[in-house]
Amino acid sequence: MLIKRKSADASRGKLQAALGGLSSGVMDRRSFLRRSGLVAGGLAVAGSIQIGAVRKAEAAGFGPATGTKVVKNICTHCSVGCTVKAEVANGVWVGQEPAWESPINRGTHCAKGASVRELVHGDRRIKYPMKLVEGQWTKISWEQAISEIGDKMLEIRAKSGADSAYLLGSAKFSNEGAYLFRKFAAFWGTNNVDHQARICHSTTVAGVANTWGYGAMTNSYNDIRNAKTVIFMGSNAAEAHPVSMQHILAGKEINRANVIVFDPRMTRTAAHATEYVRFRSGTDIAVIWGMMWHIFKNGWEDKEFISQRVYGMADALKEIEKYDPKTVEDITGIPEAQLKRSAETFAKVKPATFIWCMGVTQHTVGTANVRAICTLLLATGNVGGMGNGANIFRGHCNVQGATDMGLDVGNLPLYYGLVEGAWRHWGRVWDVSYDYLQSRFDEVPAKGGRPARNRKANMETSGHTSTRWFDAASLPAEQVDQKDNLKAMIVFGHGGNTIPRIPDSVKALEKLDLLVVADPHPTNFVSLAKRKNGTYLLPVATQFECDGSRTCSNRSIQWGEKVVEPIFESANDYWVIYKLAEKLGFAGDMFKNIQMIKGKYGMEPQPESVLREINRGGWSSGYTGQSPERLKLHMQHQDKFDLVTLRGAKGSPVENDFYGLPWPCWGTPEMKHPGTHVLYDTSLEPINGGGAFRPRFGVTREETRADGSKVNVTLLAEGSWPKGSEIRDGYPEFTMGILKRLGWDKDLTPAEAATINSIGGNNPDGVSWAVDLSGGIQRVALMHGCVPFGNGKARANAWNLPDPIPTHREPIYTPRVDLVAKWPARPDERSLRIPNLHTTFQKAAIEKGVAKNFPIILTSGRLVEYEGGGEETRSNKWLAELQQDMFVEISPDDANARGIKDGQFVWVSGPENNSKTRVKALVTERVGKGVAWMPFHFGGFYQGVDQRGNYPKGTDPIVLGESVNTVTTYGYDPVTGMHEGKVTLVQIAAA
Amino acid sequence: MARMKFLCDADRCIECNACVTACKNENDVPWGINRRRVVTINDGKPGERSISMACMHCTDAPCAAVCPVDCFYVTVDKVVLHSKDLCIGCGYCFYACPFGAPQYPKVGNFGSRGKMDKCTFCAGGPEADLSPAEFQKYGSNRLAEGKLPLCAEMCSTKSLLAGDGDIIARIYKERVVKRGYGSGAWGWKTAYKETVAI
């Protein structure tokens with residue numbers, strides 16, 4: 001057996017059946033060799049390793065091949081953004097070489113990155129479009145697939161409305177693909193469009209944006225080399241972002257930096273820390289407030305920073321008062337001395353950075369968790385400088401970009417939201433009328449005691465989140481706040497096993513009229529469903545098979561070049577989205593300003609042209625300066641960028657630019673803004689990459705004094721401004737009106753002024769930096785040393801959120817029922833079109849005695865070899881060999897009490913739906929007593945049953961296993977609908 | 001001439017397995033053969049450390065000493081290679097090797113092991129450099145192309161070092177001096193009868 005970390009040998013025989021035909025039918029190296037006539041007879045020595053081709057030989061001049069071409073693309077797994085250097089001969093990807101010149105990975109990879117070549121040889125890929133006919137997978141043509149899917153979508157639209165089709169996009173899209181998919185949803189007329197950010201960092205985006213302006217990592221992986229203290233919380237970078245550890249360990253070595261890991265599980269990252277702090281899952285706020293308690297009691301806070309740049313810290317302190325060391329130790333399990341030591345280090349050994357991932361975000365209090373961490377960073381003055389900041393490691397290769405492109409239920413591209421001004425802005429960019437866009441949306445009738453919504457109100461209402469698509473399909477129609485329930489799932493590049501409550505999604509899958517899975521691999525949507533008809537599988541290519549840009553976690557944008565043509569009958573995202581739009585009748589409007597080029601199956605949108613359209617509209621987040629030409633120049637001169645500052649070398653073609661033009665990259669490409677390496681950094685001029693906190697929430701706020709009188713408190717910075725600013729204090733966002741008041745409108749060119757006037761109509765003064773399509777307002781503000789979005793304070797009190805000041809709330813399924821009275825879950829509420837019943841579920845759990853019958857906390861996480869739902873990586877033979885079994889980590893105490901031996905099968909059962917999974921036990925001290933951990937990449941087994949037969953023949957991943965989300969449970973963040981993925985209760989018994 | 005060695009800096013190794021898949025990718029090593037693997041000690045406990053292991057290309061290699069058909073040879077760079085044409089799959093080298101490097105494809109019935117396979121330091125085999133025959137039997141020959149083994153070149157944290165023993169020892173020494181700790185050059189005493197003095 002080969003379960004995690006135990007045995008060194010791969011079990012050979014075990015997967016022989018699954019491996020049958022591993023190299024059949026594909027143009028792998030062997031067939032390549034055969035076709036190129038290079039195989040010399042009699043060389044295949046019996047017993048020699050079965051090697052295929054002669055890449056090196058060919059490269060050295062043997063045979064007829066015409067030499068090897070080197071193509072640079074970006075790894076399609078995590079968000080670090082490692083450059084992949086592909087050697088291509090005769091259209092076949094024959095080798096990978098280290099990309100030494102990339103400042104991000106400097107030639108290196110993790111197991112996934114070092115094996116990506118297999119993805120475009122992968123004989124487990126979907127080879128041609130298919131549909132289910134009475135339960136049988138049947139090959140069809142692309143034309144038939146598009147035509148039938150389109151007809152069905154139009155039928156559903158006529159009967160149930162546009163909102164009945166769910167458009168689930170992907171963090172694997174390029175920026176251009178993500179943007180087109182979001183635009184597609186807008187033209188289709190729904191906000192039911194989402195992607196993996198929902199289940200990875202949606203709460204980060206909400207929490208961080210509500211604190212200081214933008215929902216993104218503030219610094220970069222490289223910048224962590226400057227840190228003197230690094231805290232990881234709920235982040236296992238050694239497995240989830242291995243190449244980032246190159247920078248972190250270098251920083252640890254060079255600066256002798258403190259590396260403190262907070263995690264319920266002693267992770268691979270913790271093994272390299274200077275201090276490991278174990279705490280109970282789901283008590284993050286108590287941990288952070290406990291640290292803050294020590295910081296403020298001892299005066300370790302950064303008083304100047306707080307007074308100049310933070311609003312509402314006094315309000316936060318009122319809450320923090322409650323978290324004395326005894327209380328915190330009781331809630332979290334962290335000894336007082338250890339937490340105090342960590343707090344002191346973080347506050348005093350600066351610069352200090354805080355890194356978090358899904359351990360923080362995937363909770364019913366995810367947004368509040370994030371807000372608490374941001375408050376800690378603000379209190380210690382650890383934002384906006386080199387070596388500090390909120391270093392949020394995102395998950396997928398383009399989850400940052402896809403979020404930026406608005407693949408989200410509440411946003412148009414680049415965070416414009418869904419308000420009328422946002423629709424009008426994008427209408428202008430797209431050159432379509434606001435009325436047309438509005439006409440595409442449903443009218444929602446009054447139901448469930450809620451008033452009716454007209455088209456305008458519906459186009460401004462956030463959609464269903466992907467975490468609850470099955471509730472939207474299954475709940476009584478009255479509870480679902482749209483015209484009708486979901487009837488169609490159109491899924492591009494998203495797994496089905498990454499969302500909790502799989503038993504509920506299995507039921508919903510049977511209810512759908514239409515299920516479309518467009519992906520290189522079939523995904524769990526296919527293996528879980530017991531559908532007979534109305535199900536389509538479309539072979540979509542990976543990003544190695546098309547051109548396009550992707551945004552890494554640090555906001556740097558990298559251009560990837562197509563390595564090979566889409567394999568088999570695969571097509572790229574651009575073409576598929578175009579064909580669907582064409583079938584549905586809005587391609588003419590949607591693609592009117594996008595250049596079409598000849599592709600594999602005919603005309604398709606040119607990614608460069610799509611990026612130019614993004615540049616034309618992306619003012620609010622500075623996605624305007626990153627023209628395809630500039631991005632390609634950066635890829636060509638990767639070696640000219642500094643490893644630590646990411647700045648382009650003097651005298652080089654990329655002089656002064658930050659690598660990948662991390663957004664915001666203000667103004668037009670011609671303005672040559674360098675991008676922003678560190679957000680909110682006042683030590684640089686804004687024109688040179690500096691910034692300030694963004695005043696997004698007004699200029700003043702009315703507060704009530706103790707005596708009941710009202711006072712207006714400023715939300716603008718006081719006594720702090722970016723270097724070189726002509727306004728030496730805080731200021732609001734720039735509009736035409738403000739330019740006029742400052743007398744700076746004279747600096748606008750006539751063309752810029754004309755554009756502003758035409759956008760503004762009767763009220764040109766109201767045109768802001770974010771909707772000015774000329775870029776004039778941004779240019780003039782920058783010219784005067786100012787940040788276009790203003791210079792405000794970050795908020796320790798986010799009054800618009802459900803918990804404006806985070807407060808500890810016991811998880812719905814908590815083992816500490818004694819704490820629920822004092823720290824209850826939120827009251828039941830409705831958010832994002834459906835009910836969110838925190839209290840009902842928590843109460844029911846207590847009444848049913850769940851904590852007694854299911855005494856073990858279950859949490860989940862990543863393995864280095866796999867990613868996401870894992871279909872792609874479990875189909876890769878080099879990776880699959882390394883992790884052949886789904887398993888549960890269980891502590892020796894819990895195992896002994898249950899008579900469980902290491903390596904044996906166990907049943908892990910959950911408290912809802914009588915759910916259970918059959919997995920192998922890995923008995924380890926890595927998890928504490930009363931805690932179990934499972935990786936979330938597995939699928940293809942369901943409650944003990946092998947579902948290999950549900951996959952179309954030849955597309956089943958090599959390794960299958962139970963999904964952890966079969967036993968995970970109810971619980972959703974009130975702001976973003978993020979699921980509770982990290983705390984539930986289970987029972988484990990020998991199988 | 002250079003004296004090629006491997007050195008794994010256990011304080012940097014995070015068991016990401018890049019070295020393992022890079023090796024598979026570069027040499028098209030089939031399922032079940034592991035020329036390189038990562039071994040973790042104290043797994044899940046304080047003091048957990050991982051080390052990437054493969055054939056260390058020993059000085060006076062014990063595998064060569066026990067081989068009944070004398071199929072091993074040492075290149076000018078001191079890389080220990082073998083001839084699959086001569087190998088009879090007896091398995092003696094596996095018992096002699098202190099690192100568990102030799103691998104066997106287990107072809108056929110009656111428990112026959114098949115020809116031994118192991119890490120070549122990306123230096124191919126006895127056939128002509130960069131020839132199809134060499135690639136088919138032994139995999140890549142990066143040394144002949146002026147490159148180092150891909151496992152080390154792609155190591156995520158630059159933990160695994162490959163190259164001339166003096167140079168990689170110097171890199172490791174500098175690292176240890178700078179950071180103030182080091183678990184030592186694991187396996188060097190056994191493989192090279194020397195260690196890295198700090």
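Predicted model: local features only at pLDDT ≥ 70, side-chain atom pairs only at ≥ 80, totals over all residues.
Helices, in the count I am about to give, are DSSP runs of H or I with at least four residues, and strands are runs of E with at least two, numbered from the N terminus. Counted in that way, the secondary structure of chain A comes to 35 helices and 34 strands. The radius of gyration of chain A is 27 Å, close to the 30 Å that the globule rule gives for 991 residues, so this chain is as compact as a globular protein of that length.

Of its 991 residues, 64% count as buried. If we take the contacts in chain A between residues at least 6 apart in sequence, 72% of them join residues at least 24 apart.

Which residues have the most contacts inside the largest nonpolar core? They are A:Phe181, A:Phe184, A:Ile373 and A:Val516, in a core of 307 residues. To take one of these, A:Val516 touches A:Ile149, A:Ile490, A:Val491, A:Tyr536 and A:Leu538, leaving aside residues up to four places away in sequence. Apart from this core lies another, of 37 residues, and among them are A:Ile812, A:Ala895, A:Trp933 and A:Tyr970.

A:Trp933 leads us to the strands. Strand 30 of chain A, residues 931-935, pairs with strand 26, residues 856-861, in the parallel sense over five bridges. Within this pair, A:Trp933 in strand 30 stands opposite A:Thr859. As a reminder, strands of a sheet pair through backbone hydrogen bonds, either parallel or antiparallel. Both strands belong to a closed barrel of six strands in chain A, which runs 26-30-27-29-28-34 with mixed pairing.

Finally, chain B. How many helices and strands does chain B have? There are seven helices and six strands. Starting at the N terminus, the elements follow the order β-α-β-β-α-β-β-α-α-α-β-α-α. A compact globule of 198 residues would have a radius of gyration near 16 Å, and the 17 Å of chain B agrees with that. The C-alpha atoms of chain B fill a box of roughly 50 × 40 × 30 Å along the principal axes. Of the 198 residues, 53% count as buried. Among contacts in chain B between residues at least 6 apart in sequence, 54% join residues at least 24 apart.

Technical notes
Residues numbered from 1 in each chain as written. Chains lettered and ligands numbered in written order. Core = buried A, V, L, I, M, F, W, Y, C linked by C-beta atoms within 7 Å. Buried ≥ 20, exposed ≤ 12 C-beta atoms within 10 Å, placed from the backbone. Contact = placed C-beta atoms within 7 Å. Pairing = 2+ DSSP bridges. Rg over C-alpha atoms; globule rule 2.2 N^0.38 Å.
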